[in-house]
Amino acid sequence: MAIEIRPLEQFTIERLIPLHIGGVDVSYTNAAFLMTIAVMLVTALIMLGTRRHALIPGRWQSLAEMSYEFVADMVDSNVGPAGRQFFPFVFTLFMFILIANFLGMVPYSFAVTGQIVVTFALAAVVFIGVTIVGIVRHGFHFLRLFVPQGVPAVLLILLVPIELLSYCIRPFTLSIRLFANILAGHTMLAIFAGFAASIGLFGIFPLGINILLVALEVLVAALQAYVFAILTCLYLSDAINLH
Amino acid sequence: MDLASAKMIGAGLACIALVGAGIGIGNVFSALINSVARNPAAQGQVQPFAFLGFALAEATGLFGLAVAFLILFVF
């Protein structure tokens, strides 16, 4: 019995509602569908959580409060009081990625964050937004971000291009980190599931490993959302506080 | 050497990146254990950083793994 393992098949994008406007393919795909669900779930969580303002929170309210406090804490400790106005942005980003990652873990669903297009779009929004915030706040002074303090002038010739480069590759590292984690995790699950299916009765061993891997992937799903959010905070802190 | 075997070798070579990730993750958690053993009260403060470091170190290994998958399944 030979079962062909196609671990990357799960990432194929299918058009659910084909739609072309002026030669541009804007079909409603399964990725768009999952993102819609993610947005609706986040909205539902917050709406349900804040519907009744009880002093002693119920389940929904305490879930909403916990996620709010978690992100608020993160923004406060990393950006400082000036970061308060960016809290909604970071919160939205965190919740969307978290829910999208968790939705990807549901069997037969689709890992939206395993698409480089999605993660790169998110990272590009962060990068462009942070750069605009920095320029608006500090104007020309923003360029001081690329000049390390207390360094001999000779070294600056070397350090400034490095700083500039490391600033410019931020959207790529930010997006590839999330994308590669989800892609590698889901591919690994599929490969082990393929092993389990193809070796008959002995498949119980790869299946056992797969169960542990699912637990690891759930951890990674939460962790990557956290990392994306905290890196956004650090970038914001760079732009607002200039080191 | 034909293309298929070259692909296999290339994918295997790309997985060497995981060495670095392993060392990095080991370093992160050994430092965490060290610092918590010295000062248990600091656990709450250092743990978030440890997990951030873990995720960053893990991601570098996954870049290599992603390259291996790309070689194997995309090209």
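How many helices and strands are there in chain B? In this predicted model, chain B holds three helices and zero strands, and its elements follow the order α-α-α from the N terminus. The model as a whole comes with an ipTM of 0.72 and a pTM of 0.86. For chain B, the mean pLDDT is 87, and 100% of the residues reach at least 70. Among the elements of this chain, helix α2 (residues 17–38) of chain B has the highest mean pLDDT, at 93, while helix α3 (residues 43–74) of chain B has the lowest, at 82.

Turning to overall dimensions, the C-alpha atoms of chain B occupy a box of roughly 60 × 15 × 10 Å along the principal axes. The radius of gyration of chain B is 17 Å, whereas a compact globule of 75 residues would come out near 11 Å. Of the 75 residues in chain B, 17% are buried. As for contacts within chain B with a separation of 6 or more, 79% join residues 24 or more positions apart.

Helix α3(B) also takes part in packing between the chains. Its partner is helix α7 (residues 204–241) of chain A, with the two axes 10 Å apart and at an angle of about 100°. Because angles of 65 to 115 degrees count as roughly perpendicular, α7(A) is roughly perpendicular to α3(B). On the chain A side, the contact involves A:Leu223, A:Gln224, A:Val227 and A:Ile230, which meet B:Phe51, B:Leu52 and B:Ala55 of α3(B). The residues of this contact comprise six nonpolar, one polar and no charged.

Methods
Residues numbered from 1 in each chain as written. Chains lettered and ligands numbered in written order. Predicted model: local features only at pLDDT ≥ 70, side-chain atom pairs only at ≥ 80, totals over all residues. pLDDT = per-residue confidence, 0-100. Helix = DSSP H or I, 4+ residues; strand = E, 2+ residues; numbered from the N terminus. Rg over C-alpha atoms; globule rule 2.2 N^0.38 Å. Buried ≥ 20, exposed ≤ 12 C-beta atoms within 10 Å, placed from the backbone. Contact = placed C-beta atoms within 7 Å. Axes fitted to C-alpha atoms, helices over the stretch in contact; angles between N-to-C directions. Parallel < 35°, antiparallel > 145°, perpendicular 65-115°, else oblique. Nonpolar A, V, L, I, M, F, W, Y, C, P; charged D, E, K, R; others polar.
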